[in-house]
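Keep the model in view while reading.

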Amino acid sequence: QVPLVESGGGLVQAGGSLRLSCAASARTFSGFVIGWFRQAPGKEREFVAHIIWNGGRTYYADSVKGRFTISRDSAKSTVYLQMNRMKPEDTAVYYCAARYVSVREYDYWGQGTQVTVSS
């Protein structure tokens, strides 16, 4: 099991910034890929970004590239999603998830945190 604890959601005006956190409770992320996903009302869940913990390689969805940054803090076993120049269409419930590097499916999910961007 990989308990994931998310924090940092809230309400922000368009053009503003928020930072989400995803902490690994009681373990390290070593050997994992940590991803952020989001789901807007009436829409399917979509991929936002991921980071490979060992090495720090990152990947982004086109819709957030250049605005969002995913990073990690090894000492805190925490992954961050820094969201800048936010748009109303970024409004969604954001989830962090974890999977082993060797598999394709994310097996572990956080509880989600609401992000609302007002116009």
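A residue counts as buried when its relative accessible area is under 20%, and as exposed when that value is over 50%. The model shown is predicted. Start with Phe-32, in strand E4. Phe-32 has 0% relative accessibility, so it counts as buried. What is Phe-32 in contact with, leaving aside its neighbours within four places in sequence? The list includes Val-2 and Arg-27, then Ile-51, Ile-52, Trp-53 and Asn-54. Ala-98, Arg-99, Tyr-100, Val-101 and Tyr-108 are also among the contacts of Phe-32. Trp-53 lies 21 residues from Phe-32 along the chain, yet the two C-alpha atoms are separated by 5.9 Å.

Now follow E4 to its partner. E4 and E5 pair in the antiparallel sense, with six bridges. One of the pairings sets Arg-38 against Glu-46 in E5. The two strands form a hairpin with six residues between them, and Gly-42 there has a positive phi near 75°. E5 also pairs with strand E6, residues 58-60, again antiparallel and over three bridges. Ala-49 faces Tyr-60 of E6 in this pairing. Five residues separate E5 and E6 in their hairpin. Gly-55, in that turn, takes a positive phi of about 110°.

Next comes an open sheet. Its four strands are ordered E1-E3-E8-E7 and pair antiparallel. Strand E1 (4-7) and strand E7 (68-73) each have a single partner strand, so one side of each is left without a neighbour in the sheet. Neighbouring strands here are turned by 15° against each other on average, direction ignored. E7 and E8 (residues 78-83) run antiparallel and are joined by six bridges. Within that pairing, Ile-70 stands opposite Leu-81.

Two loop residues deserve a look. Most residues other than glycine have a negative phi. Ser-77, in the loop between E7 and E8, has a positive phi of about 50°. Is Ser-77 buried or exposed? At 12% relative accessibility, Ser-77 counts as buried. Arg-85 sits in the loop between E8 and E9. Its phi is also positive, near 45°.

The largest nonpolar core has 32 residues. Phe-29, Trp-36, Val-79, Leu-81, Met-83 and Tyr-94 touch the most other members. Strands E3 (18-24), E4 (32-39), E5 (46-52), E7, E8, E9 (92-100) and E11 each supply at least two residues of this core. Leu-81 itself touches Leu-18, Arg-19 and Leu-20, along with Trp-36, Val-48 and Ala-49, not counting residues up to four places away in sequence. Phe-68, Thr-69, Ile-70 and Tyr-94 are also among the residues that Leu-81 touches.

Now the aromatic rings. There are eight aromatic pairs in the model. Phe-37, Phe-47, Tyr-59, Tyr-106 and Trp-109 form one aromatic cluster.

Finish with E11. In a regular strand the side chains alternate between the two faces of the sheet. Along E11, Thr-113, Val-115 and Val-117 point to one face and are buried. Which way does E11 run relative to strand E2 (residues 10-13), parallel or antiparallel? E2 and E11 run parallel, joined by four bridges. Val-12 has Val-117 of E11 as its bridge partner. E9 pairs with E11 in the antiparallel sense, over three bridges. There, Val-93 stands opposite Gln-114.

Beyond the strand, Ser-119 lies in the segment after E11 (113-118). Ser-119 has 87% relative accessibility and therefore counts as exposed. Leaving aside its neighbours within four places in sequence, Ser-119 is in contact with Ala-14 and Pro-88. Its C-alpha atom is separated by 22 Å from that of Phe-37, which lies 82 residues away along the chain.

Terms used: Residues are numbered from 1 along each chain as its sequence is written. This is a predicted model: local features need pLDDT of at least 70, side-chain atom pairs count only at pLDDT 80 or more; totals for chains, interfaces and linings use all residues. Side-chain values use heavy atoms; hydrogens and water are left out. Buried means under 20% relative accessible area, exposed over 50%, partly exposed in between (1.4 Å probe, protein chains only). Contact means heavy atoms within 4.5 Å. Two strands pair if DSSP finds at least two bridges between them. Axes are lines fitted to C-alpha atoms, for helices over the stretch in contact, and angles run from 0 to 180 degrees between N-to-C directions. Rings of Phe, Tyr and Trp (its six-membered ring) pair if their centres lie within 6.5 Å; planes under 30 degrees apart count as stacked, over 60 as edge-to-face and the rest as tilted. A nonpolar core is a set of buried Ala, Val, Leu, Ile, Met, Phe, Trp, Tyr and Cys residues joined through side-chain atoms within 4.5 Å.
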